[in-house]
Structure formats: structure tokens, C-alpha cells
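Here's a quick briefing to read alongside the model. Have the sequence and the 3D view open as you go.

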Amino acid sequence: LKEISYSPLMAENLSFLQSKSHAYLWDKSRKLTFADENFAREIMQLFSIGLVKLHVDGTPHLDSEGNTIQVYTNRDIMSFARAWTGFDMQIQRGNTEDHESSGNRLDPMRIIPEWRDRFPKIDL
């Protein structure tokens, strides 16, 4: 998970590259925004807990009416998305990059502290 989280290619494809916190954008431009939810949703759906609560044997937990039980809500996604703010590409290296493109797509990304969401995130 760490490898894909710091991958500049993954950040471009899942749209969290250069994502900035609400507080940062409000301070700089008075814009009301929310963190990009795409990567947070992919982590929860595909790379970790999935969509529905499961028993140890992989069968879904059901509520009293026979419906599957969601593992998380959109509120959880919105909170978790705030953890993926502040990521940016490293500075280009002169010995490897295509100089016609922008950014370093080889090295793990760096975190820009000013762009990070500084508020607590809810637990799952």
C-alpha cells in the first residue's frame, strides 16, 4: 500500500496528485473545496476492506432483513480522502526524465506540508 500511495503514476491516474486541503485552499483563495475522494475510495474498495462486511469464510454478513452490511459510508470516504492531500512529484532528475514532460515519475512522491489536511480523521 505504501508503494502505490507514493507512486506518482498512481497519483496521476487516481487524481490525488497535488491535492490540497480545504484549509489551505480557503486560506489562499477563499474557495470551499473537498479533498479528492478517488484514491481513498479505491483503497477501501479494492486494496483493503471491500464494500461489504464479511465473515471469516468470505460470506457476507447480513442484516435482519437479509441485506448485506456496508463496511463504510461516504462520510468515511470523505474523511479518509483528507489523508491523501499534500502529495507532489519530486523534482526532475536530469539524468533520466523525459525533459518534455513535467515532473519526476520515477521517484516516490514528496509531501508538501502546507498542502496537507491538518485536522483529525475519523476511524473506520
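Below are notes on fold, shape, surface and core.

This is a predicted model, where local features need pLDDT of at least 70, side-chain atom pairs count only at pLDDT 80 or more, and totals for chains, interfaces and linings use all residues. Residues are numbered from 1 along each chain as its sequence is written, and side-chain values use heavy atoms, with hydrogens and water left out.

**Fold and shape**
- The chain has 5 helices and 2 strands, in the order α-α-α-α-α-β-β (DSSP runs numbered from the N terminus: helices are H or I, at least four residues; strands are E, at least two).
- Its radius of gyration is 18 Å, while a compact globule of 124 residues would be near 14 Å (taken over C-alpha atoms; the rule is 2.2 Å times the number of residues to the power 0.38).
- The C-alpha trace spans about 60 × 35 × 20 Å along its principal axes.

**Burial and surface**
- Of the 124 residues, 28% are buried (under 20% relative accessible area, 1.4 Å probe, protein chains only).
- Accessible surface comes to about 8,300 Å², with 53% of that from carbon and sulfur atoms (Shrake-Rupley method, 1.4 Å probe).

**Core**
- The largest nonpolar core has 12 residues, among them Phe16, Phe39, Trp84, Phe87 and Met109 (buried Ala, Val, Leu, Ile, Met, Phe, Trp, Tyr and Cys joined through side-chain atoms within 4.5 Å).
- Helix 4 (residues 38-47) gives the most to this core, 3 residues.
- Leaving aside neighbours within four places in sequence, Phe39 contacts Ile4, Ser5, Met10, Leu14, Phe16 and Trp84 (heavy atoms within 4.5 Å).

Note on methods: Buried < 20%, exposed > 50% of the residue type's maximum accessible area, 1.4 Å probe, protein only.
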